[in-house]
Amino acid sequence: MALTQNNTGDASSFADLGLERFAPYLMNRIMGRYNATMRAQMSALGLSTAKMRALAILSIEDGLPITVLGVYAVIEQSTLSRALVGLEADGLVTRQASPEDQRSYCIYLTDEGRRINDQLWPQMRAGQESMFKGIDAQERAAFLATLKKMLANIRVHDF
């Protein structure tokens with residue numbers, strides 16, 4: 001089944017554009033495949049996608065407020081809250097009152113959380129590298145620069 005562009009000229013409809021030229025579709029396919037590939041490794045460590053994303057973000061910037069962590073991890077607040085309850089129960093993160101606002105919390109990785117994230121990182125990196133197979137360094141850099149511009153175009157937060 002070919003769900004590609006109809007060669008009728010301009011893309012006045014979705015059918016004219018086709019799936020292969022619709023960037024959100026392609027990005028969703030790529031991330032869906034990446035997440036599916038990661039699922040087995042995550043499950044072996046007792047992690048869901050939401051938990052894995054939270055650990056990964058915290059390994060880069062520890063002590064984030066929950067709202068900021070949710071934006072970076074691309075997780076809805078309710079899903080993130082459930083994931084954090086599980087991560088905390090497993091001893092992988094801790095919550096501490098925010099120094100700026102005692103009504104909110106910042107999330108920190110524990111040593112065990114960092115160890116689990118470090119175990120998963122090789123698979124995360126391998127998954128990314130498989131996406132870039134056959135793509136040279138210049139193309140890769142241009143692609144990443146384009147993604148950053150696209151994110152800047154649509155984001156609603158300053159980060």
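A salt bridge is taken here as a side-chain nitrogen of Lys or Arg within 4 Å of a carboxyl oxygen of Asp or Glu. The model under description is a predicted one, and by this criterion the structure holds 5 salt bridges. One of them joins Glu-129 to Arg-140, with the closest N and O atoms 2.8 Å apart. Glu-129 belongs to helix 6 and Arg-140 to helix 7, so this pair ties together parts that are 11 residues apart in sequence. Glu-129 has a relative accessible area of 33% and is therefore classed as partly exposed.

Arg-115 pairs with Glu-112, and the closest N and O atoms of the two side chains are 2.6 Å apart. Both residues lie in helix 6 at a spacing of 3 residues, about one turn of the helix. Arg-115 counts as partly exposed, at 41% relative accessibility, and Glu-112 is likewise partly exposed, with a relative accessible area of 32%. A salt bridge is also found between Glu-88 and Arg-95, where the closest N and O atoms are 2.9 Å apart. Glu-88 is partly exposed at a relative accessible area of 33%; for Arg-95, also partly exposed, the value is 25%.

The overall architecture was examined next. The protein chain has 7 helices and 3 strands, which follow the pattern α-α-α-β-α-α-β-β-α-α when read along the sequence. The C-alpha trace spans about 60 × 35 × 30 Å along its principal axes. Of the 159 residues in the protein chain, 28% count as buried, the cut-off for this class being under 20% relative accessible area.

The largest pocket of the model has a volume of about 2000 Å³. Its lining comprises 35 residues, of which Met-31, Tyr-72, Val-74, Leu-147 and Leu-151 are the closest to the pocket centre. Two or more lining residues are given by each of helix 2 (23-44), helix 3 (49-60), helix 4 (66-73), helix 6 (111-131) and helix 7 (137-154). Sorted by class, the lining consists of 26 nonpolar, 4 polar and 5 charged residues. Helix 6 and helix 7, which both contribute to this lining, are also the helices that hold Glu-129 and Arg-140, respectively.

Met-31, one of the residues closest to the centre of the largest pocket, is placed in helix 2. With a relative accessible area of 37%, Met-31 is partly exposed. Met-31 also takes part in a nonpolar surface patch of about 240 Å², which is made by Ile-30, Met-31 and Met-131.

Gln-119 and Met-42 are 77 residues apart along the chain, and their C-alpha atoms are separated by 9.9 Å.

Note on methods. Residues numbered from 1 in each chain as written. Predicted model: local features only at pLDDT ≥ 70, side-chain atom pairs only at ≥ 80, totals over all residues. Heavy atoms only, no water. 1 Å grid on protein atoms, 1.4 Å probe; cavity = no way out; pocket = protein on both sides within 12 Å on 5 of 7 lines; lining within 4 Å. Points joined across faces, edges and corners; volume = space filled by probe spheres on them. Helix = DSSP H or I, 4+ residues; strand = E, 2+ residues; numbered from the N terminus. Nonpolar A, V, L, I, M, F, W, Y, C, P; charged D, E, K, R; others polar. Buried < 20%, exposed > 50% of the residue type's maximum accessible area, 1.4 Å probe, protein only. Patch = residues over 30% accessible without salt bridge, like charges linked within 9 Å, V, L, I, M, F, W, Y side chains within 5 Å. Areas by Shrake-Rupley, 256 points an atom, 1.4 Å probe, with all protein chains shown as cover.
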